[in-house]
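Here's a quick briefing for anyone opening this structure for the first time.

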Amino acid sequence: MLTVLFCHIPAAFPEQRFKEYLNLLPENHQNHVTKFRYSKDRNLRLFGKLLLLEGVKKYGYTEALLSRIKYTPFNKPYLDTDLSFNITHSGNMVLCALSDSYELGIDVEAIKPISKEDFSGVWTKSEHSLIMKDEKYNWFYRLWTRKEAVIKADGKGLSIPLKSINVLGNTAVVGNRIWHITELKIDANYSVHIATDKALSTPLKPEEVLFN
């Protein structure tokens, strides 16, 4: 099974509601959320963890599982079960992907103007050419989220040179591993891709979680 949960954070989020949601999390996660200085950063982390909490419950676990998160030498968080997860956020969108069948990584980016040349060092020659021909930013964010999803799935993070990963196709190779890349169309203002260690057996339908 593979699950993708997402939510949009409201622009105005009452402090009392923040505290109520924060109390749903184990203490170590509460501490991680509140260490951020700015309210937007705190809110993004809070909702990422709330989505993770919703997700683990779908797989039959309780909130106690969140207290048992561990980290790889490359600082990738993981659970001491066969459940894989990854959280991402940009703008006011937060997503959490979970699976008991796939290794995965997911990335979202809000589409907005950016200096393309500032990122020229992360693209292959073919990728760079495609991005520069695009008068808008669709290809930039499409390829960026593909690369980010792949390196998150692989787990070695930015120790992997982004330029070494070709993501023009539906698969990408890192070392001796092949990652399958799928675009998720959720919001026209965002680019979202998920990378998995196997091709998806069925179409993936992200689920929106509404926090009242």
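The largest pocket in this predicted model holds about 830 Å³ of space. A pocket here is an open set of points on a 1 Å grid over the protein atoms alone, where a 1.4 Å probe fits, with protein on both sides within 12 Å along at least five of seven lines; lining residues have an atom within 4 Å of a point. Volume is the space filled by probe spheres set on the points, which are joined across faces, edges and corners.

As it's a predicted model, local features need pLDDT of at least 70 and side-chain atom pairs count only at pLDDT 80 or more, while totals for chains, interfaces and linings use all residues. Residues are numbered from 1 along each chain as its sequence is written, and side-chain values use heavy atoms, leaving out hydrogens and water.

**Largest pocket**
- There are 28 lining residues, and the closest to the centre are Asn75, Pro77, Asn86, Ile87 and Lys152.
- Two or more lining residues come from each of α2 (27-34), α3 (39-58), β2 (69-71), β4 (84-90), β6 (104-110) and α5 (138-154); helices (H or I, at least four residues) and strands (E, at least two) are DSSP runs, numbered from the N terminus.
- Sorted by class, the lining has 11 nonpolar, nine polar and eight charged residues (nonpolar: Ala, Val, Leu, Ile, Met, Phe, Trp, Tyr, Cys and Pro; charged: Asp, Glu, Lys and Arg; polar: the others, Gly among them).

**Second largest pocket**
- This one has about 150 Å³ of space, and its lining includes Ile111, Arg142 and Tyr190.
- β9 (190-196) gives the most to this lining, with three residues.
- Six nonpolar, two polar and four charged residues make up the lining.

**Four-stranded sheet**
- Four strands form an open antiparallel sheet in the order β6-β9-β8-β7 (strands pair if DSSP finds at least two bridges between them).
- β6 and β7 (171-174) stand at the edges with a single partner strand each, so one side of each has no neighbour in the sheet.
- Strand β8 (residues 177-183) pairs with β9 over four bridges, and isoleucine 181 stands opposite alanine 195 in β9.

**Asparagine 75**
- Asparagine 75 sits in the loop between β2 and β3 (77-79).
- Its phi is positive, about 70 degrees, although it is not a glycine.
- Most residues other than glycine have a negative phi.
- Asparagine 75 is exposed, with a relative accessible area of 57% (exposed means over 50%, with a 1.4 Å probe and protein chains only).

Definitions and conventions. Buried < 20%, exposed > 50% of the residue type's maximum accessible area, 1.4 Å probe, protein only.
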